[in-house]
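Reader: I'd like a close look at one part of this model. Could you walk me through it and then fit it into the rest?

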Amino acid sequence: MSEITPKRADYISWDEYFMGVALLSSLRSKDPNSQVGACIVDEDNKIRSMGYNGFPRGCSDDEFPWAREGETLDTKYAYVCHSELNAILNYRGGSLEGCKIYVTLFPCNECAKAIIQAGIKTVVYASNKYDGTPSVEASKKLMNAAGVRYYQYQSTGRKIQFEV
């Protein structure tokens, strides 16, 4: 009997894979300041949905504002749909109960509500640059109360590069 060839040892982990998909999704965002991506995964490590921050379907990227400051209706905040909500709304297969969401930025309180209502049980985030803000504090309170686990993605420092 011949000797079994060992498997490759330098393959990426599930967390690296799914956070990579979330990061790749964020590159679809046309927001000049914040590109955020999300990837929803079921308990069998199958991708259920993805999303990125942008305007709702049918709303022109050229006709709505991308500004961060100014009167509310002159900024993006009244119009942009966040990556987490887009990923939840993009899913057409039924329930997301028990799923995990990978997101490049810690969810705001509005996205936390959608995550909870969708039945998602775990949030893995890459950055929490707004930690300490009322939105993030409310998000943490909501997720803690609903039993949604969240943790920061631990980068391995591995560079993943590809050309197409």
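How many nonpolar, polar and charged residues are there, by class, in the lining of the largest pocket?

Author: Keep in mind that this is a predicted model. By class, that lining has eleven nonpolar, five polar and three charged residues. As for the space itself, the largest pocket has a volume of about 540 Å³. It is lined by 19 residues, and the closest to its centre are E16, M19, G20, L23 and I160. Helix α1, which covers residues 14–26, gives the most to this lining, with seven residues.

Now the second largest pocket. About 420 Å³ of space lies there. Its lining also has 19 residues, and Y77, H82, L105, C108 and Y130 are the closest to its centre. Sorted by class, you get nine nonpolar, six polar and four charged residues around the second largest pocket.

On to the packing. In soluble globular proteins, nonpolar side chains tend to be buried together. Here the largest nonpolar core has 22 residues, and I40, I88, L96, I101, I115, I120 and V123 have the most contacts inside it. At least two residues each come from β1 (37–41), α2 (83–90), β3 (100–105), α3 (109–118), β4 and α4. The biggest share is from α3, with four residues. Another core, of nine residues, lies apart from that one, and M19, A22, Y102 and V124 are among them.

Leaving out residues up to four places away in sequence, I101 touches A38, C39, I40, E84, I115, I120, T122, V123 and V124.

S49 sits in strand β2, residues 47–52. With a relative accessible area of 6%, S49 is buried. Its side chain reaches the backbone oxygen of A87 at 2.6 Å. Beyond neighbours within four places in sequence, S49 is in contact with A38, C39, I40, A87, N90 and Y91.

The other is N128, in the loop between β4 (122–127) and α4 (134–146). N128 counts as buried because its relative accessibility is 16%, under the 20% cut-off. Not counting residues up to four places away in sequence, N128 touches F106, V136 and K140.

Note on methods:
Residues are numbered from 1 along each chain as its sequence is written. This is a predicted model: local features need pLDDT of at least 70, side-chain atom pairs count only at pLDDT 80 or more; totals for chains, interfaces and linings use all residues. Side-chain values use heavy atoms; hydrogens and water are left out. Buried means under 20% relative accessible area, exposed over 50%, partly exposed in between (1.4 Å probe, protein chains only). A polar contact is a pair of N or O atoms within 3.5 Å; within protein, one must be able to donate a hydrogen and the other to accept it, and residues adjacent in sequence count only if both atoms are side-chain atoms. Contact means heavy atoms within 4.5 Å. A nonpolar core is a set of buried Ala, Val, Leu, Ile, Met, Phe, Trp, Tyr and Cys residues joined through side-chain atoms within 4.5 Å. On a 1 Å grid over the protein atoms alone, a cavity is a set of points where a 1.4 Å probe fits but cannot get out, and a pocket is an open set with protein on both sides within 12 Å along at least five of seven lines; lining residues have an atom within 4 Å of a point. Grid points are joined across faces, edges and corners, and a volume is the space filled by probe spheres set on the points. Ala, Val, Leu, Ile, Met, Phe, Trp, Tyr, Cys and Pro count as nonpolar, Asp, Glu, Lys and Arg as charged, and the others, Gly among them, as polar.
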